[in-house]
Amino acid sequence: MEIVLKNLTMKFPGRDRKKKEEVVAVNDFTFTIPDGELIGLLGPSGCGKSTTLNLISGLLKPTEGKIFFGKDDVTNLAPEHRGIGLVFQNYALYPHLTVRQNILFPLENRKGKDRLSKEQMRKMADEAAHLVQIDQLMDRRPAELSGGQQQRVAIARALVKQPRVLLLDEPLSNLDARLRLQTRDEIRRIQRETGITTIFVTHDQDEAMSISDRIVVMKEGVVQQTGKPQEVYDSPANLFVAKFLGTPPINVFEGRLRDGWLFIGENRVLRVQGESGQRTNAEQEVWVGVRPEGFLLREDGPFVCDLGGVEVMGRDISVLSRNRASVNPTVRSIISTESRVDTSRPTVRFALRPEKVFLFDKKTEARIRCGLLGEAASCAADSYHNRPENAHAAPDAADAAHAEPADRQEARR
């Protein structure tokens with residue numbers, strides 16, 4: 001079922017009735033959800049994602065705008081006639097009913113021509129339970145279930161109605177970390193098996209990026225960016241999106257463009273090109289975002305930080321450092337376990353991967369589209385050849401030296 005939201009706006013009356021100010025929870029939301037996809041509505045608390053879900057479900061009526069299910073205008077249609085399945089954060093199971101009775105509940109309340117026989121209802125409940133893998137729990141009550149099992153019962157109850165659209169409002173928030181990971185995989189599996197158009201609301205960007213076909217990032221009722229999770233991560237539209245997506249979060253620095261180069265503090269780190277590919281001499285102050293995986297440990301790297309510590313994470317190494325131009329107290333860099341950090345030195349040097357560096361306007365925080373080239377790293381390679389002890393080194397050997405850990409470089413010399 002394709003869902004189309006056209007200029008959707010939701011306003012609530014403000015607390016101060018004398019001023020008659022309104023709170024805009026959702027502001028001019030326009031988006032098309034393709035049939036059979038799982039869409040993640042993502043954003044911090046208060047951004048309007050749950051309000052958007054309630055508008056789609058019919059629990060709220062929009063102040064402005066239209067909602068279409070396929071070609072049907074459902075803007076003014078009651079929730080029970082929209083063909084939706086809704087799963088809440090707190091599961092909302094009936095404590096005095098068994099799992100089977102909870103799943104059967106929406107079927108037993110059908111009226112008129114929609115009413116089913118007991119055999120039909122039982123068959124549909126068994127199929128829904130099998131889909132979410134709770135067949136063996138049908139005679140238990142909610143108090144006898146774990147949090148993950150209760151969540152599966154809630155999903156089964158939503159699916160048993162055979163809805164056109166499945167709406168999930170932060171369904172994993174009450175689960176512990178390990179169970180959350182397991183249950184989100186189950187949600188993805190169920191969605192793929194059923195092919196139901198699904199909208200998943202969450203503030204957890206890991207959840208949204210791991211199971212969604214597309215994500216919608218919201219802030220203060222306004223859509224900031226939409227797209228496939230990896231595409232949004234690799235090309236954020238503004239500083240808010242860049243900071244909201246990613247664990248660990250992106251490192252943000254005060255920078256400036258000058259003479260065709262990007263400077264972070266006093267460090268000249270990357271060459272800058274305009275959108276046409278030509279070198280640009282434009283000068284301006286910018287915000288610089290560098291993903292944690294965008295740092296390359298280099299003995300002659302152009303970007304210098306004060307070393308704070310090293311955390312070995314198993315699959316990679318996290319280098320903690322400080323830089324005067326950093327907005328964050330700590331600069332976190334993720335490097336390979338093959339790299340070696342000399343912790344006896346007070347500073348650590350990096351080259352930056354251009355594709356992991358983003359520039360943003362200092363005032364509007366909008367993305368500045370330009371080309372970044374890692375020529376600063378080439379300058380570092382040139383300095384290697386210019387040293388007297390390396391004057392006769394072959395270019396390939398110099399490149400290899402820069403790709404090796406510091407202690408192995410010393411051994412080579």
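Guide: This is a predicted model. Start with Arg164 and Asp72, whose side chains meet in a salt bridge at 3.7 Å, N to O. Arg164 sits in the loop between helix 4 (147–159) and strand 7 (165–169), while Asp72 belongs to strand 5 (residues 72–73), so the pair ties together parts 92 residues apart in sequence. Arg164 is partly exposed, at 28% relative accessibility. Asp72 is partly exposed too, at 43%.

Next comes Arg100 with Asp126. Their side chains form a salt bridge at 2.9 Å, N to O. Here two helices are tied together: Arg100 lies in helix 2 (residues 99–108), Asp126 in helix 3 (residues 118–131), and the parts are 26 residues apart in sequence. Arg100 has 16% relative accessibility and counts as buried, because the cut-off is under 20%. Asp126 is partly exposed, with 32% relative accessible area.

Then take Arg188 and Asp213. This salt bridge spans 2.6 Å, N to O. Arg188 is in helix 5 (residues 177–194); Asp213 is in the loop between helix 6 (205–211) and strand 9 (214–219). The pair therefore ties together parts 25 residues apart in sequence. Arg188 is buried, at 12% relative accessibility. Asp213 is partly exposed, at 24% relative accessible area.

Salt bridges also form a network. Glu186, Arg189 and Glu193 are linked in this way. The structure holds 14 salt bridges.

Notes:
Residues numbered from 1 in each chain as written. Predicted model: local features only at pLDDT ≥ 70, side-chain atom pairs only at ≥ 80, totals over all residues. Heavy atoms only, no water. Salt bridge = Lys/Arg side-chain N within 4 Å of Asp/Glu carboxyl O. Helix = DSSP H or I, 4+ residues; strand = E, 2+ residues; numbered from the N terminus. Buried < 20%, exposed > 50% of the residue type's maximum accessible area, 1.4 Å probe, protein only.
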